[in-house]
Amino acid sequence: MALYLLFESASGYALFHAHGIDEIGQSVDAVRSTVLDLKRFSKAVKLAGFTPFLSAVDALNQCNAISEGIMTDELRTFLELNLPKVKEGKKAKFRVGVMEPKVGSHITEATGIPCESNDYVQELLRAVRLHFDQFIDQLKPSDLEKAQLGLGHSYSRAKVKFNVNRVDNMVIQAIFLLDTLDKDVNSFSMRVREWYGWHFPELVKIVNDNYLYAKLAKFVVNKSDLSEKDIPALADLIGDEDKAKEIVEAAKASMGQDLSPVDLINVQQFAQRVMNLSEYRKNLYEYLVTKMNDIAPNLTSLIGEMVGARLISHAGSLSNLAKCPASTLQILGAEKALFRALKTRGNTPKYGLIFHSSFIGRASTKNKGRMARYLANKCSIASRIDCYSDMSSSIFGEKLREQVEERLDFYDKGVAPRKNLDVMKAAIEEGMTNAVSEEDKEKENGDTTAKKSKKKKSKSGADGDAMDLDKPANTAAAEEGTEKKKKKKKHKLEEPQDQEMAAANVDGEQDGTPKKKKKKNRDAAESVEPKTATEGKKKKKKSKTEADD
């Protein structure tokens with residue numbers, strides 16, 4: 001049975017006929033030893049056909065299709081043209097060797113061409129890749145390298161492309177930065193307390209918050225300058241007038257040592273840096289909340305922004321988290337404890353990062369493990385919905401949160417929760433209604449904008465007509481008056497003619513003659529009138545004579 005080799009290069013598709021394969025040997029080791037020699041390999045393998053790609057975009061599309069295991073129309077036509085034809089009802093006397101098994105299975109399903117992919121075929125295709133530039137005369141090695149480099153860059157760029165609004169890498173970096181900022185702000189605020197405590201040690205006991213302490217250290221600077229005049233300003237900073245009075249009284253009887261102006265300036269600058277860091281931390285948290293609502297709205301509504309972001313960062317990405325089973329998601333973050341328990345044959349951990357959720361804290365001690373297992377199950381469902389759904393909405397996350405609340409009530413009070421099927425049906429119906437309402441709103445907005453644009457156009461057209469008029473208003477009014485007078489005169493002249501036409505028509509109807517249609521032109525009407533009148537007189541005379549007889 002003849003063997004053909006399908007090779008996908010960066011410049012196009014190539015088909016090789018391995019006619020002298022028996023001379024080389026059927027074992028893989030024999031092939032490996034002989035493929036390096038171009039003379040022996042060229043005797044066994046010959047080029048049967050080659051079709052180049054039309055452009056770089058075409059090459060990228062073909063490469064993407066091959067990587068996904070799909071046979072394109074171009075590849076199908078290439079195979080049908082270059083392979084020997086098979087008669088209907090008979091088996092093919094050849095087989096095609098491919099590198100990707102998925103592509104081979106798709107080719108056999110679509111065209112019926114038998115394909116195979118094994119170690120022997122892959123070794124032959126590696127040899128074809130090694131000596132490919134020698135088989136095609138017009139293809140230079142430099143051109144092949146450029147094509148491979150360009151296709152590699154474009155393929156990597158296409159794989160990296162994603163939806164900008166759903167970048168989970170930003171969430172990972174933001175949660176890492178939040179953790180480091182928390183540590184830095186805490187250490188810096190402790191340094192401010194220790195540094196400024198030499199000058200005003202009583203302030204540490206009065207104010208516990210680090211951010212407020214840094215604010216007061218920047219505002220007070222020198223404790224000897226404080227007086228009762230500064231109480232309103234201190235009350236605005238702290239939000240408590242009693243504490244402001246207490247600070248002023250403590251400054252008067254303080255036991256701290258005096259500092260030089262240079263030292264106080266340095267303390268003030270450092271306190272300002274701590275304040276800036278804490279404000280930046282707040283802004284970063286708001287950014288994380290918005291990104292989590294864009295990337296994983298269902299997971300966020302179920303378990304919160306911080307815990308959801310920690311799960312995504314620990315898994316590596318949202319897709320990795322969606323691929324994790326619920327049992328793995330339950331103990332994410334407790335790997336050390338898990339392996340320690342497996343090593344010592346102790347009890348495995350019940351929860352990892354999920355422990356920071358409020359649901360685990362609200363559960364009783366005997367139900368914490370059950371609650372963690374149930375919550376991990378719902379988190380895996382929410383992450384999969386967020387990862388693979390095209391429409392971003394938090395409806396399923398809210399319904400899953402309701403289920404977790406019902407499970408808590410079931411553990412504490414014994415209230416039976418709803419079934420999962422009913423809850424998911426309600427979520428799907430609510431999502432459909434929301435989608436329909438959004439479409440209606442978009443249509444209404446489009447109609448209103450179209451109406452506004454029409455009104456603007458009509459107004460602009462009227463203004464343009466008014467601007468184009470060169471004649472004064474008085475002359476226009478005079479012309480309108482003359483036109484009205486002319487119309488009245490014409491109407492008076494036409495009235496008797498119309499009366500005569502009506503009388504003639506009435507006479508014709510009485511005699512049984514059909515009506516005649518009115519003509520628009522005045523000359524035609526005047527020419528018709530005498531004829532109709534004479535005809536009516538003649539008919540009257542005939543009727544009188546008949547009556548006399």
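Which residue lies over the face of Tyr-211, and at what distance from the ring centre? I looked this up before anything else. Lys-282 does, at 4.6 Å from the ring centre. I count a charge as sitting over a ring if NZ of Lys or CZ of Arg is within 6 Å of the ring centre and within 35 degrees of the ring normal.

Notes on the model. This is a predicted model, in which local features need pLDDT of at least 70 and side-chain atom pairs count only at pLDDT 80 or more, while totals for chains, interfaces and linings use all residues. Residues are numbered from 1 along each chain as its sequence is written, and side-chain values use heavy atoms, with hydrogens and water left out.

Entry on the whole chain. I found 26 helices and five strands (DSSP runs numbered from the N terminus: helices are H or I of at least four residues, strands are E of at least two). Of the 549 residues, 35% count as buried (under 20% relative accessible area; exposed is over 50%, partly exposed in between, with a 1.4 Å probe and protein chains only).

Entry on aromatic pairs. I listed 13 aromatic pairs in the structure. Rings of Phe, Tyr and Trp (its six-membered ring) pair if their centres lie within 6.5 Å; planes under 30 degrees apart count as stacked, over 60 as edge-to-face and the rest as tilted. One of the pairs is Tyr-4 with Phe-94, edge-to-face, at 5.8 Å centre to centre and 85° between the planes. Tyr-4 belongs to strand β1 (residues 2-8) and Phe-94 to strand β4 (residues 94-97), so this pair ties together parts 90 residues apart in sequence. Tyr-4 counts as buried at 10% relative accessibility, and Phe-94 is buried at 5%.

I then checked Phe-410 and Tyr-411. Their ring centres are 5.9 Å apart and their planes stand at 50°, so the pair is tilted. Phe-410 is partly exposed at 32%, whereas Tyr-411 is buried at 17%. I also recorded one aromatic cluster, formed by Phe-7, Phe-16, Phe-41, Phe-50, Phe-132 and Phe-135.

Entry on Lys-223. I located Lys-223 in the loop between α12 (210-220) and α13 (231-238). Lys-223 is buried yet has no salt bridge (a side-chain nitrogen of Lys or Arg within 4 Å of a carboxyl oxygen of Asp or Glu). The nearest side chain of opposite charge is Asp-258, 4.8 Å away.

Notes. Lys and Arg count as positive and Asp and Glu as negative; His and the chain ends are not counted.
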